[in-house]
Amino acid sequence: MSHYWSLESLHSTNALVITDGAQDKSGFGDDVGSEDDLYNEFRSSANHFGHPGGGGGEQLAINELISDGSVCAEALWDHVTMDDQELGFKAGDVIEVVDATNKEWWWGRVMESEGWFPASFVRLRVNQDEPMDDYLMQLEGAPEGGAGVCHSLGPGLPCREQMRANVINEIMSTERDYIKHLKDICEGYIKQCRKRTDMFTEEQLRTIFGNIDELYRFQKKFLKNLEKKFNKEQPHLSEIGSCFLEHQTDFQIYSEYCNNHPNACIQLSKLMKMKKYVFFFEACRLLQKMIDISLDGFLLTPVQKICKYPLQLAELLKYTNPQHRDYKDVEAALNAMKNVARLINERKRRLENVDKIAHWQSSIEDWEGEDILSRSSDLIFSGDLTKTSQPQAKGQQRMFFLFDHQLVFCKKDLLRRDILYYKGRLDMDEMEVVDVEDGKDKELNVSVKNAVKLVSPNRDEVHLLCAKKPELKQRWLRAFRDEREQVQHDLDTGFSITEVQKKQAMQNACKNHPAGKPKVFQHFLAVSAPPLLRSKSSKCLHYPEPPAQARLASPLVPDSTPFRLRWNVIAPPRVLHRALSWVSAQSRELQ
């Protein structure tokens with residue numbers, strides 16, 4: 001017996017069930033089970049709202065496939081990692097899935113490399129049979145007239161043309177399915193959610209669904225254009241490349257959706273902790289007669305779709321004869337859609353960097369002036385340089401951070417090298433970068449080596465930056481060129497961070513770094529190592545032997561009163577003196 005939920009009845013955690021078209025006003029009957037039973041059933045069965053891949057049934061099916069033989073997946077996103085336990089790959093790579101026991105992280109193989117990778121970065125290949133490339137190579141390599149070899153896959157069509165027809169049919173079919181998918185989300189979920197103002201605010205709906213209604217309108221127009229170019233009788237003669245070229249700028253609206261998608265997952269996850277939202281979204285799905293996938297799975301589809309276009313066009317180009325009228329358009333369309341996907345990936349990365357940059361600024365002591373996010377959104381390069389400026393012409397060791405539009409420099413703390421003090425910034429929009437030869441600099445009257453000079457237009461501001469090695473100087477010169485290219489690219493593509501995003505990032509950073517930061521000495525007691533080491537088997541503190549140095553006199557340490565350290569351990573003043581002496585010695589070595 002099938003059960004359907006009444007959307008209008010979901011005023012709280014209670015809901016009426018429409019069984020075979022009639023309302024059961026008694027609520028949940030004995031055959032259905034209690035509300036908690038239903039909630040637990042949703043959470044434990046196929047509706048795994050925290051995982052975009054869907055439910056446990058799919059996970060079991062994947063593992064069964066793996067047990068039967070190799071399972072291949074296609075990478076939707078680049079996965080760049082510095083962890084040797086993780087598997088790196090590029091979008092479009094084919095990964096052999098070895099273990100999918102964990103629904104979030106799978107173990108896979110690419111060429112000779114193996115490692116963990118996020119399951120959400122890939123999609124399983126629909127056809128797990130022998131790759132068509134190998135099959136075609138076998139056909140082309142077989143002798144003419146060989147037994148069992150067929151040079152056509154359909155009535156009267158050569159192999160390549162039949163394959164092109166198959167790819168065209170797949171593109172049209174998936175596009176129609178995608179339109180249905182977007183329509184179900186807009187009418188099955190968004191329309192019903194807007195009726196329930198007691199459960200959803202407009203801001204919540206905007207966060208969860210993003211601009212998916214815009215995607216729906218655009219994709220309908222795009223499909224209509226495709227249908228005009230589609231040759232139903234002879235699909236291999238279809239000329240659809242021009243459709244992608246005409247709409248290549250329109251596809252950029254996916255950038256907003258993809259950038260918002262992580263926020264949608266977070267908001268949806270919060271709501272799914274409450275039973276009434278679990279019941280409500282399930283009711284939406286059932287009434288719209290949608291397949292058994294959780295809402296976050298449906299919302300992931302546009303992200304996957306924009307990544308799939310280059311894969312489809314690459315397949316189409318592979319089976320398009322260079323003499324075909326559509327060949328040049330398909331080739332150009334493939335490059336265009338690769339650029340769209342690359343642009344979306346880059347914007348996503350930049351938006352993720354906004355929070356990191358805000359946290360970085362909040363960790364800098366004595367920050368002055370406007371926030372770094374007011375003009376910048378990308379850290380391009382960083383490192384130590386010796387700075388010499390007018391009028392004192394005295395070299396100062398500083399840590400430099402090159403962002404788009406500006407160069408920030410800081411001073412390291414003498415005791416805690418990981419604490420930085422803000423010392424200033426340079427406007428890169430107003431600076432010319434000059435490569436300086438080794439020798440005597442006449443302008444500042446100093447000897448230089450591995451130097452780069454930053455000069456303002458009217459030359460009233462000159463800064464000499466010296467690297468330790470020639471290769472570091474070259475790396476900085478390349479970074480300065482990258483910064484100018486980045487600024488120009490952002491201008492050409494219209495990329496910018498909204499004021500709301502900047503404000504939210506700074507607020508999040510302030511929450512994690514509240515006012516009244518610990519002083520250097522307090523940081524040292526809480527974090528520094530190895531002066532104070534805690535044994536894993538006990539709560540005792542073990543003190544290292546101090547280096548053979550004179551005792552450090554510090555006004556921070558009283559002569560008689562013991563200090564209370566972490567884990568409620570009382571340390572006598574002499575221990576703190578020894579510890580501070582050790583840190584002082586290490587600091588001198590670093591300098």
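## Basis

Two strands pair if DSSP finds at least two bridges between them. Helices (H or I, at least four residues) and strands (E, at least two) are DSSP runs, numbered from the N terminus. This is a predicted model, in which local features need pLDDT of at least 70, side-chain atom pairs count only at pLDDT 80 or more, and totals for chains, interfaces and linings use all residues. Residues are numbered from 1 along each chain as its sequence is written, and side-chain values use heavy atoms, with hydrogens and water left out.

## The sheet

Seven strands form an open sheet with antiparallel pairing, in the order β14-β13-β12-β11-β19-β18-β15. At its edges stand β14 (420-427) and β15 (432-436); each has a single partner strand, so one side of each lacks a neighbour in the sheet. From one strand to the next, the twist averages 35° (axes are lines fitted to C-alpha atoms, for helices over the stretch in contact, and angles run from 0 to 180 degrees between N-to-C directions).

Strands β11 (residues 379-389) and β19 (residues 462-466) are antiparallel and share 4 bridges. T386 has C466, in β19, as its bridge partner.

## Helices on the sheet

Helix α11 (residues 327-363) packs on the sheet and touches β11, β12 (396-403), β13 (406-412) and β14, where contact means heavy atoms within 4.5 Å. The direction of α11 makes about 155° with that of β12.

Helix α12 (residues 470-493) also packs on the sheet, touching β11, β12, β13, β15, β18 (451-455) and β19. The direction of α12 makes about 120° with that of β11.

## Residue D441

D441 lies in strand β16 (residues 439-441). D441 has 6% relative accessibility and counts as buried (under 20% relative accessible area, with exposed over 50% and partly exposed in between, using a 1.4 Å probe and protein chains only). Leaving out residues up to four places away in sequence, D441 touches V436, V446, V448 and K453.
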